[in-house]
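Dear colleague,

I am passing on the structure we spoke about, followed by my notes on it. Please look it over before you read on.

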Amino acid sequence: AKALGKGQYYIFDPAMHDEALNRLQLENDLRRAVERQEFKVYYQPIISLTTGKIYGFEALVRWQHPTRGFISPIDFIPVAEETGLIASIDLWVLQESVRQLQAWQHQNLINDKVTCSVNLSARHFLQFSFIQHLRELLEATQINPQMIKLEITESAIANKNQATLDILHQIRDCHIELSIDDFGTGYSSLSYLEEFPVNVLKIDRSFIKRIDDPEHQCGLVPGIIGIAHTMGMIAIAEGVETPIQLEKLRGLGCDFAQGYLFSKPLDPEAIAELLARSPQW
Ligand code: C2E
Ligand code: CA
Ligand code: CA
Ligand code: CA
């Protein structure tokens with residue numbers, strides 16, 4: 001800090017300056033990325049714990065930055081949400097996933113029982129334009145809407161207001177099922193589950209991580225699976241990495257799982273190879 005005069009200081013912190021610049025740069029780059037479509041969708045298989053077959057995929061966005069290389073969604077989704085760019089990104093991922101499902105279907109790699117789950121930011125899905133875009137996409141592509149699922153975090157819908165309820169009903173009227181992502185991490189009341197048309201609870205990886213400790217009583221996982229089934233929903237475990245976790249989840253009656261134990265998120269070419277090798281659907 002440099003003294004400017006009596007009692008006044010001009011704080012110059014080079015680290016903070018760099019951070020602000022980086023952030024600004026990231027914002028600009030992100031705008032350009034949306035225009036030039038520098039994104040790619042990766043797909044992570046979701047496996048049925050009863051049949052061992054592929055039930056569907058989760059679409060996960062990747063940003064291939066022209067000079068900085070691959071940037072993780074963890075680093076750019078928050079910036080995209082703050083700037084509003086997330087709406088364009090989410091819509092692009094949705095369109096691309098539909099296009100990809102139809103391509104795989106034409107190649108006879110999947111049938112129309114295979115699903116693709118697309119993440120939707122709270123900020124985006126609460127906009128009225130979202131439901132319009134969704135309807136247009138369904139109309140234009142004629143995709144079977146049951147092949148698409150939308151994932152929203154519980155914080156997005158935890159306040160039970162009429163606007164949220166309307167949007168959720170409109171999504172349901174499109175015959176698209178809804179999943180609650182990162183379930184149990186939002187510290188919200190569960191009462192919304194009784195009123196909202198929700199079909200799937202996704203158990204966050206932070207809960208799954210702890211269950212292969214032999215001393216551990218599986219924590220909240222049995223409770224979450226119980227809530228799902230009591231409410232007529234299905235439970236999907238995310239971030240399954242070990243055979244012990246898998247066995248415990250099976251024992252607990254969990255319906256589906258995804259995680260590195262089965263497969264990392266893969267590019268569409270690798271998924272096509274996987275499907276061609278083992279047409280297990
Ligand atoms: P998420 O929705 O909870 O997605 C699961 C994340 O866990 C993904 O990270 C996935 O790659 C990772 N994962 C899956 N299995 C394992 C495992 O066994 N071990 C470990 N360590 N990780 C595993 P990813 O792809 O980096 O995405 C991070 C987050 O970014 C997502 O978390 C989601 O919240 C957000 N995101 C990704 N794509 C989109 C998108 O298109 N739109 C929006 N709004 N958000 C997205
Ligand atoms: Ca997700
Ligand atoms: Ca999430
Ligand atoms: Ca998660």
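This is a predicted model: local features need pLDDT of at least 70, side-chain atom pairs count only at pLDDT 80 or more; totals for chains, interfaces and linings use all residues.

Residues are numbered from 1 along each chain as its sequence is written, chains are lettered from A and ligands numbered from 1 in the order in which they are written, and side-chain values use heavy atoms, with hydrogens and water left out.

Ligand 1 is surrounded by 23 residues (a heavy atom within 4 Å), and the closest of these are Arg62, Asp90, Asp181, Glu241 and Tyr260.

- Asp90 has a side-chain N or O atom 2.7 Å from a nitrogen atom of ligand 1.
- Tyr260 places a polar backbone atom 2.8 Å from an oxygen atom of ligand 1.
- Asn119 has a polar side-chain atom 3.2 Å from an oxygen atom of ligand 1.

Of the 800 Å² of accessible area that ligand 1 has on its own (Shrake-Rupley method, 1.4 Å probe), the protein covers 84%. Among the DSSP runs (helices of at least four residues, strands of at least two), strand E4 (54-65), helix H2 (73-83), helix H3 (86-106) and strand E8 (177-183) each supply at least two residues of the shell, and E4 gives the most, with 4 residues.

A pocket here is an open set of points on a 1 Å grid over the protein atoms alone, with protein on both sides within 12 Å along at least five of seven lines, and lining residues have an atom within 4 Å of a point. The largest pocket has a volume of about 1,100 Å³, and of the 35 residues that line it, Glu58, Leu60, Ile74, Asn119 and Asp181 are the closest to its centre.

The largest cavity holds about 40 Å³ of space, and its lining includes Ile46, Tyr55, Lys149 and Glu151. Strand E6 (115-119) and strand E7 (148-153) each supply at least two residues of that lining.

Best regards

How values were computed: A polar contact is a pair of N or O atoms within 3.5 Å; within protein, one must be able to donate a hydrogen and the other to accept it, and residues adjacent in sequence count only if both atoms are side-chain atoms. On a 1 Å grid over the protein atoms alone, a cavity is a set of points where a 1.4 Å probe fits but cannot get out, and a pocket is an open set with protein on both sides within 12 Å along at least five of seven lines; lining residues have an atom within 4 Å of a point. Grid points are joined across faces, edges and corners, and a volume is the space filled by probe spheres set on the points.
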